[in-house]
Amino acid sequence: MLKRLLICIVLLFSMCEVTFALSILPNSSPPLSPEQPDTSVPANSAGVKPSARDKQISSLAQLYHKYPETIKTRGERIKQIALTFDDAPDSRFTAQVLDVLDKHHVKATFFVIGERAKKHPELVARMNREGHSIGNHSYNHPQFSKISFDSFQDQILKTEQIIHQIVGYSPRLIRPPYGDITESQLKWAKAHGYKIINWNVDSLDWKGLSKEEVKKNILSSVGPGSIILQHAGGGEGSDLKGSIEALPEVIQELRDKGYTFVLVADMLHISMSKEKTTSPSLKRE
Ligand SMILES: [Zn+2]
């Protein structure tokens, strides 16, 4: 009887441990498809069915667990935050975002789309000139798990070349559209010295939310080491007004709480460029 009771207790403890281990997995709610659907997204990648989506979320969670050094959603738990902006450059929104960041002396990380960088190189040059970091967000925003391996490589390398021509370096940081990537793509990225950067705070700004809604989405889930996802570009008809209006208040409120804003590369102590091996801040005087 006592033996049976002991077995029960041991079993109970090990179950608790499993539950606990799952709850502290770095990214128990991994990103997928919160990103803005883009006009350039191929038709077959729109509207992932819930079951397929669940599968992708679980496989992403496995990737986070298996490749913690290659795919990241946050930094160390210290009072630092990295603001990230996707889908730039965009002639409607990007300059406004840059103006706010400039006014508040905040440096951020922009994940740019190759096709758009080609159209608006001046905006990418401005990001770089003003001390922001540039990451690769594919050439025309496909969902990586839905394209061939060759197309995936092409999306990265073509965009890298365009960015290099504008800012003079090849980004080490890649953000896959919708946060979605397969294991073979991730292995390739790892072998070639890239880092895959997702997020752990989603503003959901691409939905055209109000300033208050964007603020709430960010401030209710932000914490030490957070990587926040916002957008500085969008598809036809998209409205980032709420996101841009929320930005000064988000910055102020987080500063009041003692947070500082850093580039993703600095947060992770890596170089933002593939050509250099040290953190950009270490390079600066
Ligand atoms: Zn995107």
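Both faces of strand β4 are covered in this predicted model: S133 and G135 lie on one side, I134 and N136 lie on the other, and all four are buried. Strand β4 runs parallel to β3, to which it is joined by four bridges. Within this pairing, V112 stands opposite N136 of β4.

The protein as a whole comprises 11 helices and nine strands. Of its 285 residues, 45% count as buried. Among the contacts with a separation of 6 or more, 79% are made by residues 24 or more positions apart.

Helix α5, spanning residues 121–129, contributes three buried residues, L123, V124 and M127. These residues cover an arc of only 100° around the helix axis, which places them on the same side of α5. After α5 comes G131, a residue with a positive phi, near 90°.

On the α3 side the contact is made by Q96, V97 and V100, and on the α9 side by I244, L247 and P248. In terms of residue class, this contact of α3 with α9 has five nonpolar residues, one polar residue and no charged residues.

Several backbone features were identified in and around strand β2. Residue D87, located in β2, has a positive phi of about 70° although it is not a glycine. D87 counts as buried because it has 29 C-beta neighbours inside 10 Å, where 20 or more are required. The peptide bond from A88 to P89 is cis, with omega near -5°. P89 belongs to the loop between β2 and α3.

A positive phi was also found for H141, another residue other than glycine, with a value near 65°. H141 is placed in the loop between β4 and α6. With 26 C-beta neighbours inside 10 Å, H141 likewise counts as buried.

A further loop residue, L209, is found between β7 (201–202) and α8 (211–219). L209 is buried, as 20 other C-beta atoms lie within 10 Å, a count that meets the cut-off of 20 or more. Leaving aside residues up to four places away in sequence, L209 touches L204, V214 and G242. The C-alpha atoms of L209 and L240 are separated by 7.7 Å, although these residues are 31 residues apart along the chain.

Conventions:
Residues are numbered from 1 along each chain as its sequence is written. This is a predicted model: local features need pLDDT of at least 70, side-chain atom pairs count only at pLDDT 80 or more; totals for chains, interfaces and linings use all residues. A residue is buried if 20 or more other C-beta atoms lie within 10 Å of its own, exposed if 12 or fewer, and partly exposed in between; C-beta atoms are placed from the backbone. Helices (H or I, at least four residues) and strands (E, at least two) are DSSP runs, numbered from the N terminus. The arc is that of the directions from the helix axis to the C-beta atoms. Two residues are in contact if their C-beta atoms, placed from the backbone, lie within 7 Å. Ala, Val, Leu, Ile, Met, Phe, Trp, Tyr, Cys and Pro count as nonpolar, Asp, Glu, Lys and Arg as charged, and the others, Gly among them, as polar. Two strands pair if DSSP finds at least two bridges between them.
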